[in-house]
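Colleague: I am new to this structure and would like to understand the terms used for it. Could you show it to me and then take my questions one at a time?

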Amino acid sequence: MNPFEQSNKGIVPTCIMVEHPPFQGTAFQVKVWNAMKEIPRGEVRTYTEIAVQIGHQNSARAVANACGQNPYPPIVPCHRVVRSDGSLGGYSAEGGVETKRRLLSAEGVEFSAPS
C-alpha cells in the first residue's frame, strides 16, 4: 500500500521516505514541485511565497495550477501550500480539501477558516 492509499484510509505516515520517478512537466511545474518538496512537515507556504521562491513573484495563480497538476501527492506535499487569505485553497487528489485539511491536521497544522 503506498502512502497516498494509507492516508485515504485514515493512516497518515509520520515520515515519508518514498522516491518518485523523475518529474514530467513543464520547467515551471518542476520548479514548483521541487519547491513544495522543501516545505517541512508541520509548516505551510502560500502560493505567492512559492512563486517568489522560484523567481516568478507575480505567478501565484500559475503556482496553484502547478500544485493541481502534482503527480505525486502527498509525497510531493502540495497539501502544505495554502492561499494568502488564510484559507486552504484547493486539493486535486482524492478526497479534495477535506483530505488536505486532514493531512495538515496530522502534521499539527489546524485551519479554522472555511476553505
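Modeller: In this predicted model, Glu 107 and Arg 80 form a salt bridge, with their closest N and O atoms 2.8 Å apart. The numbering of residues starts from 1 along each chain as its sequence is written, and side-chain values use heavy atoms, with hydrogens and water left out. Because the model is predicted, local features need pLDDT of at least 70 and side-chain atom pairs count only at pLDDT 80 or more, while totals for chains, interfaces and linings use all residues.

Colleague: Why is the pair of Glu 107 and Arg 80 called a salt bridge?

Modeller: The term asks for a side-chain nitrogen of Lys or Arg within 4 Å of a carboxyl oxygen of Asp or Glu, and the closest N and O atoms of Glu 107 and Arg 80 are 2.8 Å apart, so the name applies.

Colleague: What parts of the chain does the pair of Glu 107 and Arg 80 tie together?

Modeller: Glu 107 lies in the segment after α5 (96-106) and Arg 80 in the loop between α4 and β2, so the pair ties together parts that are 27 residues apart in sequence. The labels follow DSSP runs, with helices (H or I, at least four residues) and strands (E, at least two) numbered from the N terminus.

Colleague: How do you know whether Glu 107 is buried or exposed?

Modeller: Buried means under 20% relative accessible area, exposed over 50% and partly exposed in between, with a 1.4 Å probe and protein chains only. Glu 107 has 13% relative accessibility and therefore counts as buried, and Arg 80, with a relative accessible area of 11%, is buried too.

Colleague: What makes Asp 85 and Arg 83 a salt bridge, and which class of accessibility does Asp 85 belong to?

Modeller: Their side chains meet at 3.3 Å, N to O. Asp 85 is at 53% relative accessibility and so counts as exposed, whereas Arg 83, with a relative accessible area of 41%, is partly exposed.

Colleague: How many salt bridges does a search of the whole structure find?

Modeller: The search finds five, including one in which the side chains of Arg 101 and Glu 98 meet at 3.6 Å, N to O. Arg 101 and Glu 98 are three residues apart in helix α5, so about one helical turn separates them.

Colleague: Turning to the rings, why is the pair of Phe 23 and Tyr 72 called tilted?

Modeller: Rings of Phe, Tyr and Trp (its six-membered ring) pair if their centres lie within 6.5 Å, and planes under 30 degrees apart count as stacked, over 60 as edge-to-face and the rest as tilted. A search of the whole structure finds two aromatic pairs. In one of them, Phe 23 and Trp 33 are 5.2 Å apart, centre to centre, with 55 degrees between the planes, and this pair is tilted. Phe 23, at 16% relative accessibility, counts as buried. For Phe 23 and Tyr 72, the centres are 6.1 Å apart and the planes stand at 40 degrees, so this pair is tilted. Phe 23, Trp 33 and Tyr 72 form one aromatic cluster.

Colleague: How do you know on which side of α2 its buried residues lie?

Modeller: In α2, Gln 29, Val 32, Trp 33, Ala 35 and Met 36 are buried. They cover an arc of only 160 degrees around the axis, so they are on the same side of α2; the arc is that of the directions from the helix axis to the C-beta atoms.
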